[in-house]
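Here is a short report on one structure. Look at the model first, then read on.

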Amino acid sequence: MAAQSATDPFAEKRMALVVGIAGYENAPDLANTTNDGKLISDTLNELNFRVSEHFDIGLAEFRDLLEQFAFEAETADVALVYYAGHGIEVGGRNYLVPADAKASSRQQVADTSVSLDDILAAVDKARQLRIVILDSCRNDPFADLGGSRETLTVDNRSARQGLAPASPERGTLVAYAAEAGAVALDGAGDNSPFAMALAQTLKTRDLEIGLAFRKVRDTVLKTTGNAQEPHTYGSLSGKPYFLAGTSQEVNVLEASARKNAWGRLEIDQEEQLQVAAREGDSRALKGLAYMRLNPDEDRYDPARAAALLEQAADAGDPEAMFELARMYERGIGVEQDVDRALELFRKSAAEGFADAINDLGFLHYQGGLGIVRDPKKAIELFGQAADQRHPEAMFNYAALIDDGVVEGKKPDDAAEYLYRALRSGNEEVLGQLSENPKMFKAETRRSLQRKLSERSFYTGSIDGQFGPQTQRGLRKAYGLSD
């Protein structure tokens with residue numbers, strides 16, 4: 001399977017943190033949360049995740065686990081956190097309640113709990129896919145403590161209002177067992193309806209991940225007689241992803257090749273995308289468009305692809321804007337229109353889409369699409385893309401800092417961007433630093449060695465010489481073992 005390989009050091013790497021809290025010191029115990037956690041842990045192990053599972057943990061241990069997971073997840077292709085236990089919403093923020101949380105007031109519960117923001121930060125730097133699953137929103141044991149009454153928890157018994165809606169960064173999916181503000185059911189057996197549907201669906205072969213969570217929703221609705229409706233927040237990229245089956249192989253392809261993999265979806269999944277597209281789902285519109293942009297597929301229809309991307313772009317999707325801009329730039333499926341292309345590039349960049357920001361940087365650096373060459377503006381754009389962890393932008397921005405053309409930046413800043421680019425999993429960055437390190441000045445190389453040393457990847461001399469020890473340090477920072 002593509003998720004692990006003993007021979008390919010660049011094979012896909014999956015990591016998961018599973019936390020279940022059933023026994024509470026200052027709140028009612030929960031029935032199925034530990035069982036649900038074990039079920040999901042077993043499921044993820046079958047799917048070649050490296051799973052770290054923990055039950056009935058306190059706040060200190062929870063925070064330590066998140067800190068360690070966040071560091072290790074930087075070199076994972078997929079990072080997933082599953083939580084089952086009490087939760088609470090205070091002041092518009094969601095908190096996951098550890099076993100030893102204090103409960104003299106709702107604010108104290110929040111102060112001694114882990115926020116959803118902390119969970120999102122722990123998965124944030126994974127390279128391809130970031131998923132947070134909250135099997136919560138059941139009863140509210142803290143309703144009588146005062147403060148906000150909008151809460152959530154994880155077992156079934158008479159909940160009123162649940163977690164507040166999540167707003168994750170682009171490329172991250174947050175799944176709730178029940179829609180924000182709604183109740184989740186505990187079920188009659190050892191596991192909740194949501195956990196059972198999740199475990200079954202995630203193992204379905206060749207099922208695209210976005211459609212998988214739609215299937216979980218449909219299954220739970222059916223199982224509970226429409227009493228519970230799971231909901232997802234956030235937006236995945238337009239590249240398809242598969243957890244199980246032969247289609248896993250596309251997960252490790254280059255991004256452009258993975259977009260073409262939409263064409264591998266069976267007819268029934270294409271029909272599901274069409275249903276989602278009619279509901280206004282931008283990712284479904286993009287998937288249908290990418291199906292029609294692969295010349296090797298019978299469904300090749302660039303004009304139809306452009307129309308689908310127009311719909312997604314009009315709905316505000318920055319990735320669709322970027323892809324449509326490239327079609328106008330080259331005259332694919334539409335009449336060539338560089339003015340329209342530039343307009344779309346700029347709209348996408350204004351929405352924070354790193355690919356668009358980086359491409360605009362090159363246009364300003366070299367000139368093109370009617371843009372007069374402007375190195376100062378180019379450097380500003382490269383910096384913006386680099387700060388969004390765009391791998392090529394980080395590397396190029398580091399090179400510009402090393403050249404001394406970025407005002408206010410020093411060799412230590414260049415080294416920091418090189419380190420981040422390494423951690424992002426870009427093979428070309430690893431190759432350049434391994435084979436051509438002297439493209440950077442000695443001071444930048446020494447600073448990078450110090451950063452590798454600070455993170456325990458390197459124990460040699462800080463001399464700027466990228467010998468065997470430094471090479472091993474670079475590979476470790478990238479995420480490769482000896």
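An open sheet is built from 6 strands in the order β2-β1-β3-β7-β8-β9, with mixed pairing. β2 (50-55) and β9 (231-234) stand at the edges with a single partner strand each, so one side of each lacks a neighbour in the sheet. On average, neighbouring strands of this sheet are turned by 15 degrees against each other, direction ignored.

This is a predicted model: local features need pLDDT of at least 70, side-chain atom pairs count only at pLDDT 80 or more, and totals for chains, interfaces and linings use all residues. Residues are numbered from 1 along each chain as its sequence is written, and side-chain values use heavy atoms, without hydrogens and water.

Some terms need cut-offs. Strands (E, at least two residues) and helices (H or I, at least four) are DSSP runs, numbered from the N terminus. Two strands pair if DSSP finds at least two bridges between them. Contact means heavy atoms within 4.5 Å. Axes are lines fitted to C-alpha atoms, for helices over the stretch in contact, and angles between N-to-C directions run from 0 to 180 degrees.

Strands β7 (residues 129-135) and β8 (residues 172-176) pair in the parallel sense over 5 bridges. Isoleucine 131 stands opposite leucine 173 in β8.

| Helix | Strands touched | Direction angle |
|---|---|---|
| α2 (residues 59-73) | β1 (14-20), β2 and β3 (78-84) | about 170 degrees with β1 |
| α4 (residues 116-123) | β3, β7 and β8 | about 150 degrees with β7 |

Now a loop. Aspartate 206 is found between α5 (193-202) and α6 (209-223). Its phi is positive, about 60 degrees, although aspartate 206 is not a glycine.
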